[in-house]
Amino acid sequence: MGGVAEASVQREVVLLGSTGSIGTQAIDVVRRNPDRFRVVALMGGGSRVDLLAEQALDLGVEAVGVAAASSAQDLQLAFFAEASRRGYRRGEFAVPKILAGPDAASEIASWPADIVLNGVSGSVGLAPTLAALKAGATVALANKESLVAGGPLVLDALGGNPDRLVPVDSEHSALAQCLRGGRREEVHKLVLTASGGPFRGRSRDELTEVTREQALAHPTWAMGPLVTINSATLMNKGLELIEAHLFFGVPYDDIEVVVHPQSLVHSMVEFTDGSTIAQVSPPDMRLPIALALGWPDRVPLAQPPMDWSRSQSLTFEPLDTVAFPAVDLARTAGRLGGTAPAVFNAANEEAVAAFLAGGLPFVRIVDLVAEVVGAHEVIARPTLDEVFAVEREARAAANRLIEKAGGRPVAAGGRA
């Protein structure tokens, strides 16, 4: 299966979250492979209109979107300012269509294209994922919340064709690659690897005085604050556990998490004959991004390979579920199914926001999420509106617990 294609048709790509980490690295992949990919539309953050305008001009896109309606004029002004700075005259560049407002992401996701890379953060990424699938595009998914919050909806939208949903997260990309090594009935177990974050090896008691600055100091990856704190609590691994179940249809009992501090083995698949296949590469997101855009073909020189001439060690440790209970909690939420994972994710976002604002101790993040999930009445087959309603309820419940504990709730985001 797969391999390096001798020749390939240029794919038209839509990038959601183009000004973020995933988006900027995706653009780097596209620029180095102009014969394979062409970006036709962008969606970026309203706070970075200068960068968004620069990207739009560089790539010659047809449409650009921003979530805040108030940012539309700022983006237009930034676009013309950037064109003027480059010395362009009217008629020497194409002015993209600008879409703004709460529905802009879904409109951009529906833009005619072969593949939509969803690099948006938070559950606001769910509606664009569904819109892209409805429009017939393949979705390269870097937005965890699409599957975690809306798993049943996304699976239904695939219409029985799972190949239209391709993982971008390094762990799930690794699993997808390893699964090529055998038939589905030969798979015994999926093994997700975790760096262990900045507090690997600490007991729960040693985590009680963790500061914001310490939790944001990840030893391997440079990420946004929410993802970085999720890595510190190992909540990210819990979210990835739910994703792995939904991506690959493997039961929760057959998905394991192990700690691998070097972050070189991105995940593994154990087969029924006792063989384990691992995907190994330096920690660089350009590889899974390039593979997702080119799937099932590999993109040559996506990133530098491992240097096998250098001495190095690969170590693995069992997960301490007492100090880091997030993975077990995610397994519980996943087994409950329906709206439980959406509640799990939404409550966590509020708890992380409160921790970052100084209103909640680090060790209380997962405890608070467990309380909210435990009190939730699951809806087995929710509609999109029900998912959003449940999320709002979960955020409100989390904030009530934060206030009760003496902290001050801080809105983390999600859908208004």
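Is S263 buried or exposed? I looked this up and found S263 buried, with a relative accessible area of 7%; buried here means under 20% relative accessible area, exposed over 50% and partly exposed in between, with a 1.4 Å probe and protein chains only.

**Basis.** I worked on a predicted model, in which local features need pLDDT of at least 70 and side-chain atom pairs count only at pLDDT 80 or more, while totals for chains, interfaces and linings use all residues. Residues are numbered from 1 along each chain as its sequence is written, and side-chain values use heavy atoms, with hydrogens and water left out.

**Positive phi.** I noted that S263 has a positive phi of about 55 degrees although it is not a glycine. I placed S263 in the loop between β9 (255-259) and β10 (265-271); helices (H or I, at least four residues) and strands (E, at least two) are DSSP runs, numbered from the N terminus. I then turned to L234, another residue other than glycine, and read a positive phi near 70 degrees. L234 lies in the loop between α9 (225-233) and α10 (235-248). L234 is buried, at a relative accessible area of 2%.

**Cis peptide.** I recorded a cis peptide bond between W295 and P296, with omega about 10 degrees. P296 belongs to the loop between α11 (286-294) and β12 (317-318).

**Mixed sheet.** I traced an open sheet of five strands in the order β11-β10-β8-β9-β12, with mixed pairing; two strands pair if DSSP finds at least two bridges between them. β11 (276-280) and β12 stand at the edges with a single partner strand each, so one side of each has no neighbour in the sheet. I found β9 and β12 antiparallel and joined by two bridges, with V259 opposite E317 of β12.

**Strand β5.** I next examined β5 (residues 115-118), where I115 and L117 point one way, V116 and N118 point the other way, and all are buried. In a regular strand the side chains alternate between the two faces of the sheet. Strand β1 (residues 11-16) runs parallel to β5 and is joined to it by four bridges; V14 has V116 as its bridge partner in β5. β5 also pairs with strand β6 (residues 138-141), in the parallel sense, over four bridges. Together, β5, helix α5 (residues 126-134) and β6 make a right-handed β-α-β unit; right-handed means that, with the strands pointing away from the viewer, the path from the first strand over the helix to the second runs clockwise.

**Domains.** I took the division as domain 1 (11-167), domain 2 (181-282 + 306-327) and domain 3 (337-406), with bounds from an automatic or database domain assignment. The C-alpha centres of domain 1 and domain 2 are 29 Å apart. Ten residues from domain 1 and eight residues from domain 2 make the contact, which means heavy atoms within 4.5 Å.

**Interface of domain 1 and domain 2.** I read a buried area of about 870 Å² between the two, 80% of it on carbon and sulfur atoms; buried area is the accessible area (1.4 Å probe) that two parts lose on being put together, summed over both. K144, L147 and V148 supply 58% of the area that domain 1 buries against domain 2, more than any other three residues. How many salt bridges does the rule find across this interface? I found one, the rule being a side-chain nitrogen of Lys or Arg within 4 Å of a carboxyl oxygen of Asp or Glu. I also noted that the side chains of K144 and E240 meet in a salt bridge at 3.6 Å, N to O.
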